[in-house]
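Welcome! Please take a moment to look over the sequence and the 3D view before reading on.

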Amino acid sequence: MQILGVDIGGTGIKGAIIETETGEMLTERKRIETPKPATPEAVAATLKELVQQFEYNGPIGCGFPATIHHGVAFTAANIDSTWVNTAVDQLFTETTGCPCYVINDADAAGICEMKFGVGKDRNGVVMLLTIGTGIGSAVFINGQLHPNTELGHLVLDTKHGPQKAEHYCSERVRVEKDLGWNKFGRRFGRFLNRLEFLFNPDLFIIGGGVSKKFDRFSENFELRTEIKVAETLNQAGIIGAALNAANQIASQQQ
Ligand code: BGC
């Protein structure tokens with residue numbers, strides 16, 4: 001099935017038309033700056049503009065940086081607080097005139113990596129972490145997603161006191177605090193050790209733009225768990241959002 005996949009982020013709204021059977025991008029990726037303030041109405045209008053740029057009329061899969069329960073946003077950590085309790089599916093469907101299927105952005109990236117990336121055919125507990133403005137997580141148990149896990153909000157004991165992981169070792173923190181790769185690696189390693197202790201995963205997958213530099217910070221990790229870099233990197237969110245829409249459509253038709 002051909003579906004427009006969209007990744008809504010704090011800085012950009014990106015999309016491409018995806019062949020969901022193969023995960024292939026059938027068009028170039030287009031990107032529009034996220035409006036400021038990123039209120040529901042403003043983001044919905046930008047999504048509509050993106051859809052028009054593709055001259056597209058069909059189902060849309062959207063990855064969104066918040067927990068999404070049956071189409072409704074429950075949190076808003078790195079986006080405008082007015083999103084809380086917004087029926088995102090409904091708002092986007094009404095604004096674009098196309099049926100929209102919304103999912104947490106990290107869950108979308110995870111779905112893509114499990115189908116086409118390093119998580120393919122992996123059983124057991126797989127934990128994908130996206131490092132960006134926030135830290136997103138997607139947890140799979142024998143290939144099945146446990147949605148909306150929000151592990152980036154796990155509170156860690158640090159020498160600066162208790163801190164949420166995404167306030168301690170996200171890409172935003174690395175840039176804002178000008179952390180060197182070793183220091184950043186030690187911080188992120190601490191987070192991974194905590195996850196390892198609490199969840200005993202079989203595999204960690206690291207995604208988000210900074211994962212391209214994985215070799216520069218991963219030397220500081222002391223893990224017993226296997227760890228890999230996401231293969232689909234930047235496109236995972238877009239492809240996974242489209243895959244999720246295709247799955248939702250298929251289950252509605254059953
Ligand atoms: C949000 C998550 C999101 C992650 C990555 C966190 O702040 O709470 O829902 O997946 O950022 O965007």
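This short report covers the domains and then the ligand site.

## Two domains

What you see here is a predicted model. The protein is divided into two parts: domain 1 covers 2–108 + 235–253, while domain 2 covers 121–230. If you compare their C-alpha centres, you will find them 24 Å apart. Domain 1 brings 11 residues to the contact between the two, and domain 2 brings 15 residues.

## Where the ligand lies

Now for the ligand. Both domain 1 and domain 2 give residues to the shell around the ligand, so the ligand lies between them. The space that the ligand takes up is the largest pocket.

## Who surrounds the ligand

There are 13 residues around the ligand, and those that come nearest are Asn78, Asp105, Glu150, His153 and Glu166. Sorted by class, this shell holds four nonpolar, six polar and three charged residues.

## Contacts with ligand oxygen atoms

In glutamate 166, a side-chain N or O atom is 2.8 Å from an oxygen atom of the ligand. For asparagine 104, a side-chain N or O atom is 3.0 Å from an oxygen atom of the ligand. Alanine 66 takes part through its backbone, where an N or O atom lies 3.5 Å from an oxygen atom of the ligand.

How much of the ligand does the protein bury? Taken alone, the ligand exposes 310 Å², and the protein buries 93% of that.

How values were computed
Residues numbered from 1 in each chain as written. Predicted model: local features only at pLDDT ≥ 70, side-chain atom pairs only at ≥ 80, totals over all residues. Heavy atoms only, no water. Near = heavy atom within 4 Å. Polar contact = N/O pair within 3.5 Å; in protein donor to acceptor, adjacent residues only side chain to side chain. Areas by Shrake-Rupley, 256 points an atom, 1.4 Å probe, with all protein chains shown as cover. 1 Å grid on protein atoms, 1.4 Å probe; cavity = no way out; pocket = protein on both sides within 12 Å on 5 of 7 lines; lining within 4 Å. Sits in = over half its atoms within 2 Å of the grid points. Nonpolar A, V, L, I, M, F, W, Y, C, P; charged D, E, K, R; others polar. Domains from an automatic or database assignment. Contact = heavy atoms within 4.5 Å.
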